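Subject: A structure for you to look at

Hello! Here is the structure I promised to pass on to you.

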Amino acid sequence: MNNKEKLEGIKCKKCFYLQHISHLRCLKCKNDTFDTVEAKGDCILLTYTILHAPPMEFRDKKYYILGVVQFENGMKALGQIWPKENLIIGMKLKPIYEKVCNDLDGNEVNAYVFK
Amino acid sequence: MREVAIIGVGHTKFGRLNDKSLLDLLCEASLEAIEDSNTSNTDFDSVYVASMLAETLNHMTGVASALVDRIGLLPAAADHIKNGPASGGSAIKNAFYAIASGACELVLVSGAEKMTHITLPGGVTSAVATMTHHNAERIHGASLPSFAGLLTRSYMEKYNVPKEWITSIAVKNHRNGLNNPYAHFQKEITLKKAMESPIIADPLQLYDICPISDGAAAIVMCDANIAKKYCDSPILITGVGQATDTHIIYEREDLTVLNALRICSKQAYDMAKKTPNDIDVFEAHDAFTILEAIQSEDIGFFKKGEGAKAAHEGLTEIGGKIPINPSGGLKARGHPLGATGVAQVIELVWQLRGEAGKRQVADADTGITCNFGGFGNNIVSILVERM
């Protein structure tokens, strides 16, 4: 586990649409050249759910909280929310890179969580 | 394009069917549809089989080839259509275009899933969650119920909707399912009981979520010009639509808008030269109660943010402004994934034939479906009318 991994998106060089790094062409204009954009600073909580029926990989947890957050530059992300109480839509959170589960082959899976 | 008619339907009981395999279920529904359409001695041009998880849950590939062999339809063309929970709708769409184009005259569509034998905790949830985006969603522990929870909270916040209004949809669908002999659940529930049920994906509770089910549904479709040769009351498919939306749900501008449904239902309305005002009955894809509320808005029956309120006020009851899910929907009829899109159309066929018994919508002439794939990223809509 470390905190050196970056939380990145890509911005279309033609229309400047910001999207997830997995896209090979722009969702809005089909252009295929991008600038990498890094999420910086705090983010705010847009919505969340407390999941009591996890998929198999997460069955070691009785429940966990998933949320969608948005950074100041507009980038959004989904991830686990680690405060368990007093969650409020619009509250500020910080991204931290942590272990979230072991996959079905037993490998450690790390990802950003929001504290 | 040629007009396309439905001339026969077949529907197994939905539920926990321990003594039947996936192929047994497909055969049962298919033979019933063939008998209902009086095509027992007729050659079929093509067969489309809808099943989402045959390989994963039943260790079976080549399911369409196996079906045509088992029920004596050789040498009909046979295809296996997999489009998540919208596989049934996709299969009907493909059959529609095969006939409308003139390539085929007589086609069988059969959808099924066999799920309830999976007893590993989280097993079916994990299999279904393979539809989600791996890096952006799945590795974080996302599942379809979690998306429904995120969506429900967003909707309640944005439109100031109490949870009771959303959960009233489950109460209505259980009441309708009581009169559907094929339904997984034929029992009423009270709003109090539903609101006291365990939290699954907060704020969604147990009774906001459809069950996993075994079951199959099949229809026989043909060139409308020859439909009356086989059947006295053919039902026309006059509109079909299909559209996609972002794979990652948070990349949608507004989580509470189903853009794929807006687009595919417009395609279906335009093809049929109809508007939402012409629709008498709607079969929604209520895998989660919130979805029926939002679908009723984006398919054109209610303003944005008013779908749950409309359900709470009784406007979607049988006899209401627009009856939704007289079958009981996925909540009560059950949700054998590949069968659902076909079962939705069968309910409309029964409604338009006037054969829906105690759940009959009076004077139903026109109906529409929403078959919801992924989490709204691939949606099919089918519009049917009396001939």
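What percentage of the 115 residues in chain A is made up of buried residues? The figure is 43%, where buried means under 20% relative accessible area, exposed means over 50% and partly exposed lies in between, with a 1.4 Å probe and protein chains only.

Before we go on, some ground rules. This is a predicted model, in which local features need pLDDT of at least 70 and side-chain atom pairs count only at pLDDT 80 or more, while totals for chains, interfaces and linings use all residues. Residues are numbered from 1 along each chain as its sequence is written, chains are lettered from A and ligands numbered from 1 in the order in which they are written, and side-chain values use heavy atoms, with hydrogens and water left out.

Chain A

Chain A has 9 strands and 0 helices; helices (H or I, at least four residues) and strands (E, at least two) are DSSP runs, numbered from the N terminus. Read from the N terminus, its elements run β-β-β-β-β-β-β-β-β. The C-alpha trace of chain A spans about 45 × 35 × 25 Å along its principal axes. Of the contacts in chain A with a separation of 6 or more, 44% are between residues 24 or more positions apart; contact means heavy atoms within 4.5 Å.

A:Lys30 counts as exposed because its relative accessibility is 55%.

Helix pairs in chain B

Now for some crossing helices. Axes are lines fitted to C-alpha atoms, for helices over the stretch in contact, and angles run from 0 to 180 degrees between N-to-C directions. Angles under 35 degrees count as roughly parallel, over 145 as roughly antiparallel, 65 to 115 as roughly perpendicular and the rest as oblique.

Take helix H4 (residues 87–100) and helix H14 (residues 337–353) of chain B: their axes come within 5 Å and cross at roughly 60 degrees. H4(B) and H14(B) are therefore oblique to each other. On the H4(B) side the contact is made by B:Ser87, B:Gly88, B:Gly89 and B:Ile92, and on the H14(B) side by B:Gly338, B:Gly341, B:Val342 and B:Val345. By class, this contact has 3 nonpolar, 5 polar and no charged residues. Here Ala, Val, Leu, Ile, Met, Phe, Trp, Tyr, Cys and Pro count as nonpolar, Asp, Glu, Lys and Arg as charged, and the others, Gly among them, as polar.

The axes of H7(B) and helix H11 (residues 289–298) of chain B come within 8 Å and cross at roughly 100 degrees, so these two helices are roughly perpendicular to each other. Among the residues in this contact are B:Ile166 and B:Ile169 of H7(B) and B:Thr289 and B:Ile290 of H11(B). By class, the contact of H7(B) with H11(B) has 5 nonpolar, 2 polar and 2 charged residues.

Loops and prolines in chain B

B:His133 lies in the loop between helix H5 (123–129) and H6 of chain B. At 10% relative accessibility, B:His133 counts as buried. Leaving aside neighbours within four places in sequence, B:His133 is in contact with A:His20, A:Ser22, B:Arg138, B:His247 and B:Ile248.

Two prolines are worth a look. The peptide bond from B:Leu74 to B:Pro75 is cis, with omega near 10 degrees, and B:Pro75 lies in the loop between H3 and strand S3 (77–81) of chain B. A cis peptide bond also joins B:Asp202 and B:Pro203, with omega about 10 degrees; B:Pro203 is in the loop between strand S5 (199–202) and strand S6 (204–205) of chain B.

Cysteines

How many disulfides are there over all chains? The count comes to 0, a disulfide being a pair of cysteine sulfur atoms within 2.5 Å. For B:Cys210, the nearest cysteine sulfur is that of B:Cys370, 13 Å away. B:Cys210 counts as buried, at 14% relative accessibility. For B:Cys264, the nearest cysteine sulfur is also that of B:Cys370, 6.4 Å away, and B:Cys264 counts as buried at 0% relative accessibility.

Happy exploring!
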